[in-house]
Amino acid sequence: MDAILDSIPQLIKDIEQLEDFKAEKENERQLLESQNQKLRYRLKLLKEAAVKESNEESNMDSINIEEHALINLHSILISLFSNAIKTAYPTLEDIGQPAVSAGSKFADYQCNASMQICKLLKAKGENVSPNVVAKKLVECLGQCNIIEKVDVSGQGFINVWLSRNKLRDILQFVLENKLKPKPLTNPQKIVIDFSSPNVAKEMHVGHLRSTIIGDSLCRVFEFIGHDVLRINHIGDWGTQFGMLIALLQDEFPNYKTESPPINDLQQFYKQSKVLFDSDLEFKKRAYDCVVKLQSMSPDHVQAWKLICDVSRKEFQKIYERLNISIIERGESFYQGRMENVVKDLENKGFLENDDGRKIMWSPESSIPLTVVKSDGGFTYDTSDIATLKQRIEEEKADRIIYVVDAGQSVHFDTLKKCAIHSGLLDPSKVRMDFVGFGVVLGEDKKKFKTRSGDTVRLVSLLDEGIKRARDKLVEKGRDKVLTDEELKLAETAVAYGCIKYADLCHNRSHDYVFSFDKMLDDKGNTAVYLLYALTRIRSIINNLGTHTQDLNEPISLDHDKEWKLAKTLLRFSEVLSKITEDFCLHHLCEYLYDVATTFNEFYDNCYCIEKNPQTGEIVKVFTGRILLCKVTAEYMNTGLNLLGINTVSRM
């Protein structure tokens with residue numbers, strides 16, 4: 001008996017060690033499972049890339065115009081050189097994407113891959129000069145009808161000249177059929193979550209970036225041909241409505257039949273927050289109102305609906321002014337789904353108790369999600385899990401994009417990791433992206449505020465933009481030459497276009513300084529400069545009169561400035577491709593600015609119309625150049641529309 005008793009401590013110790021070992025192995029299993037998911041996702045991408053490359057390779061010798069109106073010259077050349085490298089040096093690994101760049105002073109494009117290949121060969125004991133490598137690559141380069149010729153210069157630089165005839169055909173197709181992509185064989189379902197104001201509060205400058213960036217991303221993906229769901233995830237549920245209804249019961253007796261206007265509602269909200277934090281009796285009543293609202297008490301639900309309706313109308317005024325369409329789907333939409341997702345996570349053992357809270361960890365995250373509060377209430381974390389689940393399972397999303405300020409990056413990173421860990425999100429099937437952005441600063445480089453220190457109301461910002469745009473147009477005497485209707489259209493296009501462009505032309509991850517003076521400047525990379533450039537091109541075409549009947553020649557690409565403009569235009573698809581990967585819309589702004597400045601170079605060096613110096617009558621029209629003007633206007637108009645900027649015929 002004593003021997004048995006003596007062995008008990010050792011047995012307990014052995015059991016504890018086994019439990020620790022089991023827990024350790026479980027952690028290892030979960031980590032390996034997570035890594036396995038990532039590897040499966042990478043394998044999927046590699047397979048898709050291989051299929052795409054194979055298809056491109058098989059069609060590389062002859063580019064079909066109708067299928068490539070949005071031709072990506074850069075992508076085609078990279079694919080050609082990648083295949084040449086595989087053929088010339090099949091044993092080389094980790095070569096990566098060959099360096100192909102445009103704008104060389106020696107040729108249209110240049111490939112510098114030979115230097116990198118020499119380094120890899122040297123590491124394997126082979127000493128070969130870059131020039132020899134480059135010549136071998138040229139020998140292995142497949143045929144492609146967009147290439148006129150290829151040669152090697154200097155220390156192994158491969159120079160590529162494009163076919164003017166082929167590029168002319170592409171531009172001719174765009175001129176006749178407009179700039180639109182061929183319908184996608186397998187369009188993706190893409191959910192884009194942006195704007196997201198809170199009910200009972202006015203939209204302010206803090207909502208500007210999410211709204212503008214999100215709308216433009218939607219336009220880009222829609223233009224390419226994807227099925228985009230534009231979601232406005234508004235804050236329309238939670239404790240704040242219990243606080244607000246409790247105060248309205250005291251201060252606004254008609255709260256069951258009408259809601260205060262938005263300005264008063266916002267003041268009531270601030271007042272209720274103060275009382276909630278300082279008055280225990282009010283706090284108790286507020287919580288009681290929350291319970292009644294959640295249990296769907298008719299009076300409380302009616303008051304809540306009235307508050308939401310007032311806010312919704314104010315939001316819609318902003319969206320209409322900025323020409324933004326968006327589908328409202330607030331936090332209230334996910335209430336029932338939140339209860340279900342909590343039960344599901346609990347049943348699967350992903351929730352653990354933490355001083356009364358229910359939290360969820362991922363092996364890769366440094367902080368947990370709080371899924372249920374200690375009082376049994378739900379949190380933003382719960383709402384975001386339910387939202388993600390709904391978009392994956394009900395909307396059948398292939399991609400989910402959140403356009404939210406950079407300050408929430410940790411939250412969305414944790415959400416993504418926990419969703420993968422719990423099996424809710426399979427990154428090999430659904431791609432989830434966080435598109436963060438910096439804050440809007442005043443000219444003092446501090447957070448943009450009014451002089452009194454309040455947050456700038458978005459409606460006030462738009463009103464100020466309209467006033468300043470009109471003043472600028474009047475200062476330039478445009479009110480003397482434009483009709484009242486044309487002036488109204490011009491001031492609206494300039495005001496809202498400037499506000500949008502000033503945001504989008506900066507790298508979204510950076511803060512930017514809001515300055516009406518800078519954004520209304522008609523020189524430099526501004527919306528005004530681009531709008532003037534486009535109206536100038538349109539005026540050239542519109543002033544032809546009866547001469548427009550004779551526009552049946554091919555587009556002219558003989559002059560160096562004509563050729564430079566054509567190559568600049570045909571970078572459009574490459575720019576859109578970048579945006580779909582990094583969500584940075586400044587690529588498109590820079591492209592449009594390049595198009596405008598390159599067009600001005602062309603126009604200054606190439607006569608489009610010859611006039612009689614005495615009478616001003618047109619004596620000769622250079623038709624091929626006029627057609628180049630028309631196709632330039634098509635690219636610029638399309639690009640500005642993707643930025644959400646309305647264009648006008650006269651300014």
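Reader: At which residue does α15 bend, and by how much?
Author: This is a predicted model, in which local features need pLDDT of at least 70, side-chain atom pairs count only at pLDDT 80 or more, and totals for chains, interfaces and linings use all residues. Residues are numbered from 1 along each chain as its sequence is written, and side-chain values use heavy atoms, with hydrogens and water left out. Helices (H or I, at least four residues) and strands (E, at least two) are DSSP runs numbered from the N terminus; a bend is the angle between axes fitted to the seven residues ending at a residue and the seven starting there. For α15 the place is Cys 498, and the bend is about 25°.

Reader: How many residues of α15 are buried?
Author: Buried means under 20% relative accessible area, exposed over 50%, and partly exposed in between (1.4 Å probe, protein chains only). α15 is mostly covered, the buried count among its 21 residues being 15.

Reader: Which strands stand at the edges of the open sheet?
Author: The sheet has 5 strands in the order β7-β6-β5-β11-β12, with parallel pairing; two strands pair if DSSP finds at least two bridges between them. Each edge strand has a single partner, so one side of each is left without a neighbour in the sheet; these are β7 (327-328) and β12 (431-435).

Reader: What is the bridge partner of Ile 231 in β7?
Author: Strand β6 (residues 227-232) pairs with β7 in the parallel sense over 2 bridges. The partner of Ile 231 is Ile 327.

Reader: Is Asn 600 buried or exposed?
Author: Asn 600 is found in helix α20 (residues 586-605). Leaving out residues up to four places away in sequence, Asn 600 touches Tyr 529 and Arg 536, where contact means heavy atoms within 4.5 Å. Its relative accessibility is 16%, so Asn 600 counts as buried.
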